[in-house]
Amino acid sequence: MQASPANSTSVPQPAPASGSRFPQRAWLWAGLALAAVLGVALYQHFGLGELLTLERLKLSRDSLISAYQANPALAILAFFGLYVVATALSIPGALILTLAGGAIFGFWVGLLIVSFASSVGALLAFLASRYLLRGWLQAKYARALAPINEGLQRDGTAYLLTLRLVPVFPFWLVNLLMGLTSITATRFYIVSQIGMLAGTAVFVNAGTRVAALESAGDVFSPAMLGSFALLGIFPLISKALVGWSQRRKVYARWPKPASFDRNLVVIGAGAGGLVSSYIAAAVKAKVSLIEGHKMGGDCLNYGCVPSKALIRSAKMAKQFQKAEAFGFKGAAASLDFASVMQRIHGVIRDIEPHDSVERYTRLGVDVVQGHARITSPWSVEITQADGRQRTLTTRNIVIATGASPFVPPIPGLQDAGFLTSDTVWKLTALPKRLLVLGGGPIGCELAQSFARLGSEVTQVEMAPRVMVREDPEVSEIVAQSLQADGVRLLTQHQAVRVEMVAGEKRLIARHGDQEVVIAFDELLCAVGRAPRVTGFGLEELGIPLTSRKTVETNAYLQTLYPNIYAVGDVAGPFQFTHTAAHQAWYAAVNALFGRFKKFKADYRVIPWATFTDPEVARVGLSETEATDQGVPFEVTRYGIDDLDRAIADGSAHGFVKVLTVPGKDKILGVTIVGEHAGDLLAEYVLAMKHGLGLNKILGTIHTYPTLAEANKYVAGEWKRAHAPKKLLQWIARYHNWERA
Ligand SMILES: Cc1cc2nc3c(=O)[nH]c(=O)nc-3n(C[C@H](O)[C@H](O)[C@H](O)COP(=O)(O)OP(=O)(O)OC[C@H]3O[C@@H](n4cnc5c(N)ncnc54)[C@H](O)[C@@H]3O)c2cc1C
């Protein structure tokens with residue numbers, strides 16, 4: 001049993017950005033507090049509260065007008081300055097000052113001065129709130145505030161305009177609250193200036209007849225307040241109307257069928273399409289699933305399944321190499337590559353029934369084999385292998401067409417020929433010299449596997465390290481492991497061209513200002529996957545793409561046409577089987593029941609794994625991401641080299657790294673490197689999804705001896721680092737006293 005894991009640490013990591021700003025901010029706080037105290041003292045001393053009353057204004061009106069007439073420029077300047085200071089410091093009395101503007105300067109000049117002075121003052125209050133509080137607030141509640149920020153980014157102008165147009169929302173409160181959001185200062189100023197104009201005009205106008213006013217409340221009659229409220233909701237109503245008219249415009253050129261053949265047509269039978277159609281059939285919708293090639297899509301036929309089957313064979317090869325350490329002398333095996341490939345195809349065949357036409361037909365899905373093309377927002381044309389065509393009308397469409405390997409335009413590559421994840425499974429002989437282009441998860445998994453099977457593998461990556469999405473220490477471990485398996489890893493090498501010299505294929509790569517020549521027999525291109533977005537009607541319908549060339553969708557996974565959805569690799573932002581399936585639920589439910597309730601796709605807890613040896617698994621933030629986003633965090637680590645089961649298995653390497661909120665057990669992110677890391681991660685995915693902290697993991701029995709115990713030990717490390725030290729000192733004294 002474990003007692004005291006020596007190789008574990010729990011280290012608080014203050015976010016550098018906020019940490020380094022702290023002294024400056026402390027001074028600012030002190031300065032502002034002093035200014036506020038001074039302000040209050042002056043306010044009290046000069047009885048400004050009494051000065052800024054309607055009575056006082058009425059009494060002083062004549063002398064103020066005389067002062068203005070004697071020196072107009074000075075009077076305007078003084079009034080402007082006073083107004084800005086009062087609003088910037090959120091001092092009560094802005095209403096009386098506005099009335100005074102009308103009383104002293106008359107309507108037009110008064111309106112001009114007050115309009116600008118109130119906007120400038122509001123901006124200063126906004127900036128003070130933003131500079132002093134926003135960074136801290138956004139960092140502390142980054143995740144909770146993310147959707148609010150997104151909403152403000154989208155609709156901020158409409159909301160602020162509403163708040164400004166309805167004068168019942170306290171002016172100073174709007175300034176301070178907006179400072180805490182992500183709205184830009186320029187947008188805030190412009191919208192405030194425009195939005196407050198109507199209210200300001202009413203008050204300034206009232207000021208011109210101040211003598212007749214009995215109280216400030218006289219300025220607004222209930223009818224006027226009602227009109228302002230209507231004016232206030234106008235931006236929101238107009239936004240809804242704009243949305244409605246945009247939708248009408250988008251659909252305008254397409255005749256809508258009187259009735260529909262289907263509730264849903266799904267294009268593509270990969271993970272995204274299979275799950276979408278399954279859900280539709282489960283809730284008794286009439287659904288057709290159109291697949292142009294192989295049921296199961298890339299995951300089953302070219303991706304997850306064959307790659308994991310290959311990895312298993314490669315692992316076996318490695319185990320033969322290590323046999324002696326486990327007590328087997330002279331263990332040796334010769335590779336039969338054809339058998340390896342046969343096994344891979346056998347595994348695909350064994351899994352095929354899960355995604356088959358027969359199974360989905362039994363489930364109630366109308367499966368159609370053929371190429372689908374969207375011909376209108378409500379119709380899909382299907383061309384079958386024999387050339388026959390038919391068209392289905394449908395209320396909704398889900399696009400789940402996936403992605404294909406991206407092949408960069410490297411001169412000479414097409415002529416020399418290359419493999420991709422689509423074609424590598426057709427190899428009949430093990431390549432002697434394999435060049436793997438790309439250091440991402442697919443490149444690393446395949447490079448290691450082929451190296452273990454006996455290929456001389458050179459892996460070329462443009463970036464300074466492999467697996468750039470992970471922390472640098474993770475990249476380093478994977479790089480060392482690849483190299484230990486014989487991969488010649490060339491990072492910071494950019495592929496420039498492919499040449500054929502005397503029958504030999506060569507890649508020329510640029511490294512700094514040098515050109516490096518790498519001879520190869522086969523080149524495997526694994527530099528990313530491009531969404532399948534052409535040739536099936538998106539262009540004709542004008543469905544826009546994002547900068548990453550995925551289909552543009554909103555949070556409900558709707559495209560430009562709200563009845564056309566997109567999921568999986570074609571929609572992004574992730575390219576995993578489980579995220580495609582996750583999105584599929586949202587798309588199907590929103591499509592079929594959206595008129596009652598729509599759901600935004602929830603991306604808060606997304607796990608993934610790379611199945612190199614050691615495996616790398618992650619959920620939530622990495623250290624690099626947390627630092628970049630200014631999210632404060634603590635790191636707790638547990639080294640798997642200390643874990644009983646890992647030692648017994650001969651796999652004592654790797655670590656579990658957990659990021660938590662400083663001083664709390666709330667999990668922000670987890671990275672696991674080691675044997676079965678992908679499986680070990682599940683406990684954290686569940687914990688994060690359901691808000692369970694490290695204390696809960698620590699309080700859960702983990703079977704001994706399992707790798708899963710690593711999860712408990714890391715929680716134990718966190719607990720140890722957060723033990724109540726003072727209390728423990730007292731308890732030690734108590735024990736001493738008991739022994740005395
Ligand atoms: C080598 C490799 C390893 C991978 N390993 C993993 C892993 O370990 N874990 C993981 O989560 N993910 C992995 N992936 C990624 C995973 O395969 C994809 O994320 C997943 O397949 C995406 O599913 P999808 O439904 O979006 O698209 P796809 O699975 O690509 O399915 C799209 C389908 O649409 C069909 N189609 C396209 N256009 C039309 C049309 N016009 N008409 C009719 N049919 C059409 C295609 O024929 C295809 O079958 C791996 C990928 C590769 C390449």
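**Reading a predicted model by its cut-offs**

Mentor: Let's start with strand S19, which pairs with strand S22 (residues 667–674) in the antiparallel sense over 6 bridges. Keep in mind that this is a predicted model.

Trainee: Happy to. How do you know that S19 and strand S22 pair?

Mentor: Two strands count as paired if at least two bridges are found between them. S19 and S22 have 6 bridges, so they meet the criterion of at least two. Within that pairing, valine 616 stands opposite valine 673 in S22.

Trainee: And what makes S18 and S19 a pair, and in which sense?

Mentor: The reasoning carries over: S18 and S19 share 4 bridges in the antiparallel sense, and at least two are needed, so they pair. Threonine 610 has valine 616 as its bridge partner in S19. A hairpin of 4 residues joins S18 to S19.

Trainee: Why is S19 described as mostly covered?

Mentor: Look at its residues: 6 of the 6 in S19 are buried. Buried means under 20% relative accessible area, so each of those residues falls below that limit.

Trainee: Threonine 612 is in a loop. Which strands does that loop lie between?

Mentor: The loop runs between strand S18 (607–610) and strand S19 (615–620).

Trainee: Is threonine 612 buried or exposed, and how do you know?

Mentor: Its relative accessible area is 4%. The limit for buried is under 20%, so threonine 612 is buried. Leaving out residues up to four places away in sequence, threonine 612 touches Cys444, Glu445, Gln448 and Val478.

Trainee: What lies across S9, S10 and S15?

Mentor: Helix H18 (residues 441–453) does, running at about 160 degrees to S10. Those strands belong to an open sheet of 4 strands, in the order S11-S10-S9-S15, with parallel pairing.

Trainee: What makes S11 and S15 edge strands?

Mentor: Strand S11 (488–490) and strand S15 (522–525) each have a single partner strand, so one side of each has no neighbour in the sheet. Neighbouring strands here are turned by 20 degrees against each other on average, direction ignored.

Trainee: How do you know that strand S9 and strand S10 pair?

Mentor: Strand S9 (residues 433–437) and strand S10 (residues 456–460) have 5 bridges in the parallel sense. At least two are required, so the pair qualifies. One example is leucine 435, whose bridge partner in S10 is threonine 458.

Trainee: With which side chain does serine 288 make a polar contact, and what makes it one?

Mentor: The partner is the side chain of aspartate 366, at 2.5 Å. The distance limit for a polar contact is 3.5 Å, so this pair is within it. Leaving aside neighbours within four places in sequence, serine 288 is also in contact with residues including Arg262, Leu264 and Leu392.

Trainee: What makes the peptide bond from glycine 572 to proline 573 stand out?

Mentor: That bond is cis, with omega near 0 degrees. Proline 573 is in the loop between strand S17 (564–566) and H21. Another cis bond runs from tyrosine 704 to proline 705, with omega near -10 degrees.

Trainee: Now the ligand. Which residues around the ligand come nearest?

Mentor: Of the 39 residues around the ligand, Gly272, Glu291, Lys308, Asp569 and Thr577 come nearest.

Terms used. Residues numbered from 1 in each chain as written. Predicted model: local features only at pLDDT ≥ 70, side-chain atom pairs only at ≥ 80, totals over all residues. Heavy atoms only, no water. Helix = DSSP H or I, 4+ residues; strand = E, 2+ residues; numbered from the N terminus. Axes fitted to C-alpha atoms, helices over the stretch in contact; angles between N-to-C directions. Contact = heavy atoms within 4.5 Å. Buried < 20%, exposed > 50% of the residue type's maximum accessible area, 1.4 Å probe, protein only. Near = heavy atom within 4 Å. Polar contact = N/O pair within 3.5 Å; in protein donor to acceptor, adjacent residues only side chain to side chain.
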